Amino acid sequence: LSVNVVIPITDDLIDEPNEVFNVEGTVTSGNTLNTNPVGTVTIIDNDATPTVSIGSITVNEADGTATVVVSLDVASSVDTFIDIVTTTGTAGTADYTTTIITVTIPAGSLSVNVVIPITDDLIDEPNEVFNVEGTVTSGNTLNTNPVGTVTIIDNDATPTVSIGSITVNEADGTATVVVSLDVASSVDTFIDIVTTT
């Protein structure tokens with residue numbers, strides 16, 4: 001009364017909705033009431049729903065840019081759209097260029113890069129951090145608000161403080177001595193001054 005038809009199914013690594021294809025027949029010989037039977041095969045996906053992440057990286061201030069990877073842990077069968085925005089942390093907008101962009105991880109792909117300009121200033125400062133925040137606006141992911149960080153390693157020399165040496169005429173009444181740093185600092189510098197013989 002029946003015969004089996006074996007059809008190979010591909011076990012891919014892409015998250016996708018359940019899918020259907022048809023199995024169509026044409027009776028070419030024999031005695032049947034119908035000549036074009038149709039059946040369907042539904043494939044139940046067995047791949048995990050992707051999780052989106054934004055990489056946390058460390059860059060040197062002199063690099064000029066920070067390249068942050070936005071990625072999925074497993075490929076998706078649909079494009080994934082993610083709104084990206086940078087937000088200040090200990091690093092302010094003087095340290096990097098505010099970036100607002102929408103990125104697309106195409107179906108079947110795992111990642112896309114976001115390039116953020118970094119400011120190479122002349123001010124000595126501690127290492128600073130800003131955030132790269134994402135909002136998934138379209139696609140199929142387990143999470144919708146990934147966050148990464150960029151740490152900027154300062155490349156400026158630590159300041160040296162100096163007190164100038166001057167010569168004045170006794171009749172001048174005052175001596176103006178310059179207290180200075182050889183390079184600017186990101187923090188106020190307090191110096192106690194005392195005269196000695």
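Accessible areas here come from the Shrake-Rupley method with a 1.4 Å probe, and for residues only the protein chains shown count as cover. With that settled, I looked up the surface: the chain exposes about 12,800 Å², and carbon and sulfur atoms supply 54% of it.

**Ground rules.** I am reading a predicted model, where local features need pLDDT of at least 70, side-chain atom pairs count only at pLDDT 80 or more, and totals for chains, interfaces and linings use all residues. Residues are numbered from 1 along each chain as its sequence is written, and side-chain values use heavy atoms, with hydrogens and water left out.

**Overall build.** I found 16 strands and zero helices in the chain; helices (H or I, at least four residues) and strands (E, at least two) are DSSP runs, numbered from the N terminus. The radius of gyration is 33 Å, well over the 16 Å that the globule rule gives for 197 residues, so the chain is more spread out than a compact globule. That radius is taken over C-alpha atoms, and the rule is 2.2 Å times the number of residues to the power 0.38. I also noted the span of the C-alpha trace along its principal axes, about 130 × 20 × 20 Å.

**Burial.** I see 23% of the 197 residues counted as buried. Buried means under 20% relative accessible area, exposed over 50%, and partly exposed in between (1.4 Å probe, protein chains only).

**An aromatic pair.** I found one aromatic pair in the structure. Tyr 96 and Phe 130 are stacked, at 3.9 Å centre to centre with 15° between the planes. Rings of Phe, Tyr and Trp (its six-membered ring) pair if their centres lie within 6.5 Å; planes under 30 degrees apart count as stacked, over 60 as edge-to-face and the rest as tilted. Tyr 96 sits in the loop between strand E8 (80-87) and strand E9 (100-105), while Phe 130 belongs to strand E12 (residues 128-138), 34 residues apart. Both Tyr 96 and Phe 130 are buried.

**Asp 47.** I looked next in the loop between strand E3 (38-43) and strand E4 (52-54), where Asp 47 lies. Asp 47 is buried, with a relative accessible area of 16%. Leaving aside residues up to four places away in sequence, Asp 47 touches Asp 12, Leu 13, Ile 14 and Asp 15, a contact being heavy atoms within 4.5 Å.

**Ile 166.** My last stop was the loop between E14 and E15, which holds Ile 166. Ile 166 is partly exposed, with a relative accessible area of 42%.
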